[in-house]
Amino acid sequence: MMKHLLFKIALATAALACLLPLRLSAQANAFAREYTEEHPLIYEDAWDLWPYAYLNEQGKAEGYNIDLVKRLCEEMDIPVKIVLKSTQEAVKDLMEGRSDLMLGLENRYKDSDLRCNQSVILLFTHSVVYPKSLAQNVKDLADLAKHVVIVHQGSFSHNLMQVNGWGHNAIAIEDMKAAIRKVSAEGKGQIVWNTMSLKWLLRKFQIENLAIGSVDMPHGEYKFMSRDTMLLANIDKAYKKIGASRKDLEALQNRWFYPEQADSGIPSWIWDVT
């Protein structure tokens with residue numbers, strides 16, 4: 001009788017041991033779903049974060065993020081629908097389940113229900129744009145406590161100034177195209193934002209009277225964010241696969257961040273050390 005009871009207990013324990021990983025796995029991927037043509041992956045991003053994601057003159061989504069997402073979804077064989085709106089709206093949609101995926105700064109949403117993939121897609125560094133006739137006043141984070149600067153509404157720079165109690169020095173603007181044109185036309189003011197966006201605007205509008213200088217402040221790690229942990233794991237696999245030869249990613253990076261390299265055919269990771 002005792003042996004029979006022990007055998008039953010052993011069977012029950014073994015069954016529980018088998019079920020537990022399945023339950024944990026199901027819980028970890030509670031938001032995973034099947035992506036089909038009828039119900040594609042919904043990717044949302046900012047409509048004014050040049051050259052990462054933005055609406056072009058024809059009202060169509062383009063930018064580095066857009067090309068990268070399309071390439072990753074092609075690799076994963078997942079249909080995707082891309083929608084651009086304000087960053088605040090995109091984050092809200094993702095948190096409330098109206099979308100499935102977006103790219104964002106991990107440290108901005110670490111306390112939320114959103115999860116990030118493992119790979120760092122890009123690093124956001126910061127720079128200041130100012131008239132060439134004036135000196136560069138903002139060189140590090142502490143300078144933001146002493147100088148009034150234009151920032152993008154809701155951006156990492158804007159949030160950082162508010163957290164540090166320097167919000168009174170931040171002129172928050174939604175239209176950064178208008179902001180950089182205004183500084184150029186009036187010959188006064190300074191804009192702190194992510195480096196690549198500022199470079200893109202200067203190049204786009206062929207602005208020659210403004211200088212750009214780096215600002216020593218915390219950088220942001222740009223990652224994919226979702227509530228679907230299975231999706232994020234698959235994105236990491238696909239990202240590593242297409243980045244293995246460097247060719248695909250280098251072509252995308254050169255196109256959007258280093259057009260001079262794209263024109264010359266020289267990859268952005270090759271440095272002239274002569």
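Colleague: Is Trp256 buried or exposed?
Modeller: Trp256 counts as buried, at 8% relative accessibility, where buried means under 20% relative accessible area, exposed over 50% and partly exposed in between, with a 1.4 Å probe and protein chains only. This is a predicted model, in which local features need pLDDT of at least 70 and side-chain atom pairs count only at pLDDT 80 or more, while totals for chains, interfaces and linings use all residues. Residues are numbered from 1 along each chain as its sequence is written, and side-chain values use heavy atoms, with hydrogens and water left out.

Colleague: How many aromatic pairs are there in the whole structure?
Modeller: A search finds 10 aromatic pairs; rings of Phe, Tyr and Trp (its six-membered ring) pair if their centres lie within 6.5 Å, and planes under 30 degrees apart count as stacked, over 60 as edge-to-face and the rest as tilted. One of them joins Tyr52 and Phe257, whose centres are 5.3 Å apart with planes at 50°, so the pair is tilted.

Colleague: What does Trp256 pair with?
Modeller: Trp256 and Tyr54 form an edge-to-face pair, 6.3 Å centre to centre with 80° between the planes. Tyr54 lies in strand β3 and Trp256 in helix α8, so the pair ties together parts that are 202 residues apart in sequence; helices (H or I, at least four residues) and strands (E, at least two) are DSSP runs, numbered from the N terminus.

Colleague: New topic: what sits over the ring of Phe205?
Modeller: The charged end of Arg181 does, 4.1 Å from the ring centre, the criterion being NZ of Lys or CZ of Arg within 6 Å of the ring centre and within 35 degrees of the ring normal.
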